[in-house]
Amino acid sequence: MPRFSIIVPAYQVQGFLRECLDSVLDQSFTDFEVIAVNDCSPDGCGAIIDEYAARDDRVKAVHLAENVGLGRARNAGLPHARGDYLLFLDSDDSYTPGTLEALAHRLGTAGDPDVLIFDYARTHWWGGFHRNIMHGIFGAAGDAVFTAAERPEFLDLIMVVWNKAYRRDFTERHGFAFPPGYYEDTPWTFPVMMSAERIAVLDRVCLLYRQRRQGNILRTTSRKHFDILDQYERVFSFVDAHPALAGWRPYLHRRMAEHCLEILDKNNRLPDRDKPAFYRLAAEAFRRHRPAGFTLPRSTHRTALRLLSGAPYALFAAHRRCRAALRALKKRRARLRRRASLRVKRLVHGLLALRPLDPHLAVYSASHHRGVLGDPAAVHARARQLAPHIRAVWVVRPDAVDSLPPGIDHVRPNSLRYWTTVARATYFVNNVNWAHELVKRPGSVHIHTHQGTPLKHMGLDLVGHPAATYRLNVRAMLRRCDRWDYSLAANAHSERVWDRAYPCRFTSLPTGSPRNDVLFSADPAHGAQVRRRLGIPQSDTVVLYAPTRRDHHVSGYVRRVDLEAFTRTLGPGHTVLVRLHPSLARHPVRGLELADLARRGLLVDVTDEPSVEDLMLASDALVTDYSSLMFDYAHLDRPIVLHADDWETYRANRGVYFDVLAEPPGHVSTDTAQLAGLFRSGAYADARAARLRAAFRARFCAYDDGHAAARVVSRIMLGEGPATAIPAQDAGRDARPAVGLLDGGRA
């Protein structure tokens with residue numbers, strides 16, 4: 001008997017069905033059966049199902065003689081199910097890699113609950129990828145097993161069946177089945193959740209919910225949306241037949257009303273001529289099922305619910321039109337306020353610019369105002385020691401303020417204090433470009449630190465690489481770069497690249513990377529302290545995995561390593577730290593597998609750690625692909641493994657300055673098995689790895705010695721050496737709005 005029975009109904013989805021079935025059959029966990037139900041589809045779905053059933057005995061083909069609809073097609077698959085658990089997968093959706101393995105593990109740890117709820121992400125036809133906005137409740141529930149009454153927030157999730165695994169004997173004992181019509185998930189999900197005595201959750205994105213541009217049944221304008229009223233009648237009938245569930249009536253009464261109001265709000269659901277009739281029937285159901293002692297809830301729907309209690313449709317429609325007009329007016333007023341505020345701030349900036357610069361004021365920013373980070377942070381720390389007379393102010397966005405070290409003076413971007421500060425500052429230190437609105441004053445000194453040694457193309461060299469220059473205005477970027485007085489170079493390679501990629505008027509300073517100073521000066525116990533903070537055994541071999549983003553992919557993320565297989569192969573005595581590229585810190589990928597594997601103790605997600613230098617010092621080896629982190633890590637003279645399974649694709653899409661496979665910092669792997677084998681055998685740290693690393697260090701590590709930040713401060717802020725500032729920019733030219741990335745994200 002298989003662990004899972006996965007029922008896949010199919011109707012007019014021939015373009016998506018193969019991807020759906022492949023996402024199941026390619027799972028690492030193999031103890032399952034697929035029951036693919038051809039709902040008399042007029043396209044090629046039937047032939048595709050037969051093809052898969054012929055080549056994989058885990059697939060059972062079921063062909064219906066007539067089209068019965070999604071719910072009853074699922075019912076047709078139920079008698080064929082033999083698995084411990086039922087899963088329902090719509091044939092235009094797909095499972096993420098490792099889903100069934102994660103589900104099986106969680107079911108085991110939860111003691112085979114009646115229902116296991118897992119998370120999902122929406123994938124849009126234009127390439128967007130967004131995790132369920134309520135995903136926070138999964139983490140809050142943790143490993144607890146509960147009832148719906150104990151955690152009713154899980155009933156507020158999207159009303160679908162495909163984000164849950166159901167114990168088959170539980171569903172059979174209660175006789176759950178799907179009704180005909182639209183919204184067939186409603187009279188299944190509510191009774192199931194209310195009846196389940198043991199519910200568990202898995203904090204992991206297991207399913208990709210495809211948002212089709214067209215073809216989605218629920219986006220079809222039709223009277224069939226009236227079916228929602230019948231579906232809720234079925235739910236209330238179920239409650240009536242089970243007196244122990246009577247306490248759910250107030251909740252269901254509200255959900256029914258809000259569901260109906262949502263349908264009325266959607267422009268593409270009901271024909272306009274049918275909205276009055278739908279409203280009248282919904283109002284009748286709202287009054288009919290009103291529980292004793294009912295009072296209107298305090299919610300955004302309060303007025304609409306009051307109208308639904310007895311007002312005619314004309315009044316309701318007028319209320320809706322007024323709400324829409326008020327929303328549009330608020331948006332317009334907000335836009336006007338923002339524009340007026342920006343004009344005032346620019347005016348203040350211009351007036352303050354009439355006053356002399358403050359020679360003792362420096363403004364810092366790092367990584368689009370994400371906090372006290374990287375090279376600017378290292379320069380700031382050294383300036384506090386060597387030039388304490390210079391006051392430092394950091395530009396920090398609101399969501400990063402809580403992570404600031406104590407004693408940091410900061411301003412919010414585009415606040416009034418921001419403009420008053422930048423108007424008089426003499427020194428500007430940043431590792432990305434300042435926004436185009438900031439005009440360089442005569443006498444101000446702009447120091448650009450960059451973000452490490454470049455392997456991939458940067459600046460002007462990006463021209464010709466459409467994936468990397470999407471929405472990038474190169475001319476505007478170069479105007480922002482014209483403000484640089486000094487460009488820091490980590491090594492001779494970087495000097496040559498910056499001169500070529502940014503043909504501007506800066507002075508190149510061969511200082512080394514300030515952020516790497518700590519790699520030379522840190523106390524030997526520093527790494528051990530970081531390990532203790534992260535809960536890593538001191539005796540473990542710590543592997544830092546730091547992949548870079550993929551510009552040719554809309555989301556920026558492409559799964560290159562099977563982390564579950566890699567961590568399992570390494571086994572006890574190893575800890576894997578995973579640090580995604582900073583641009584992916586809020587990406588749904590962290591819910592794909594990282595959250596689940598971290599919960600299971602297979603790895604530690606350190607993407608949010610503010611200091612990557614701490615992570616380098618705490619690790620014994622680095623695994624990366626094309627990240628500039630390899631150049632920094634080489635200073636530690638510890639093993640580096642280059643995982644380059646898509647080198648040709650990356651090189652073609654982003655462009656590179658040299659063939660890193662021909663001159664790698666260590667061994668190269670091209671698949672997960674090979675990568676794991678290097679660590680299992682110990683080859684990752686063998687004599688050949690040492691020779692490759694030595695050659696790499698000789699080429700890229702010559703400038704760094706632990707004193708890079710001191711060189712910057714001494715040369716520029718203390719004037720110990722020649723320092724020639726470039727001419728001030730023409731304010732009119734620089735003030736032009738730039739189309740593309742704000743803050744010069746490519747520079």
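Guide: A residue counts as buried under 20% relative accessible area, as exposed over 50%, and as partly exposed in between. Keep those cut-offs handy while we walk through this predicted model.

Visitor: How many salt bridges does the rule give?

Guide: The count comes to 52. One of them is R74 with E184, at 3.3 Å from N to O. R74 sits in helix α3 (residues 70-77) and E184 in the loop between α6 (168-174) and α7 (186-195), so this bridge connects parts 110 residues apart in sequence.

Visitor: Are R74 and E184 buried or exposed?

Guide: R74 is buried, and E184 is buried too.

Visitor: What makes R397 and D399 a salt bridge, and why is R397 called partly exposed?

Guide: Their side chains meet at 2.9 Å, N to O, and that is within the 4 Å limit, so the pair counts. R397 has 27% relative accessibility and D399 has a relative accessible area of 45%.

Visitor: On to helices. Why are α8 and α9 called roughly antiparallel?

Guide: Helix α8 (residues 227-241) and helix α9 (residues 249-265) pack at about 175°, with their axes 11 Å apart. Angles over 145 degrees count as roughly antiparallel, and therefore α8 and α9 get that name. By class, their contact has 10 nonpolar, 2 polar and 3 charged residues.

Visitor: Which residues of α8 and α9 meet?

Guide: On the α8 side they include I228, L229, Y232 and F236, and on the α9 side they include L252, M256, H259 and I263.

Visitor: What makes helix α26 mostly covered?

Guide: In α26 (residues 708-717), 8 of its 10 residues are buried. Among them are A708, V712, I716 and M717. Just after α26, G719 takes a positive phi of about 65°.

Visitor: How do you know in what order the strands of the open sheet lie?

Guide: Follow the pairings: 6 strands run β19-β18-β17-β20-β21-β22, with parallel pairing. β19 (604-605) and β22 (668-669) are the edge strands, as each pairs on one side only.

Visitor: What makes β17 and β20 a pair?

Guide: Strand β17 (residues 541-546) and β20 are joined by 4 bridges. Two strands pair if there are at least two bridges between them, so β17 and β20 pass. V543 has A621 as its bridge partner in β20 and V576 as its partner in β18. On the other link, β20 and β21 (residues 640-643) pair over 3 bridges, with V641 in β21 as the partner of V623.

Visitor: How do you know that both faces of β20 are covered?

Guide: In a regular strand, side chains alternate between the two faces of the sheet. In β20 (residues 621-624), A621 and V623 are on one side, L622 and T624 are on the other, and all are buried.

Visitor: Last one: why does L636 count as buried?

Guide: L636 has 15% relative accessibility, and the buried cut-off is under 20%, so the label holds. L636 lies in the loop between α22 (629-633) and β21, where it touches L519, M616, L617 and R697, leaving out residues up to four places away in sequence.

Key. Residues are numbered from 1 along each chain as its sequence is written. This is a predicted model: local features need pLDDT of at least 70, side-chain atom pairs count only at pLDDT 80 or more; totals for chains, interfaces and linings use all residues. Side-chain values use heavy atoms; hydrogens and water are left out. Buried means under 20% relative accessible area, exposed over 50%, partly exposed in between (1.4 Å probe, protein chains only). Axes are lines fitted to C-alpha atoms, for helices over the stretch in contact, and angles run from 0 to 180 degrees between N-to-C directions. Angles under 35 degrees count as roughly parallel, over 145 as roughly antiparallel, 65 to 115 as roughly perpendicular and the rest as oblique. Contact means heavy atoms within 4.5 Å. Ala, Val, Leu, Ile, Met, Phe, Trp, Tyr, Cys and Pro count as nonpolar, Asp, Glu, Lys and Arg as charged, and the others, Gly among them, as polar.
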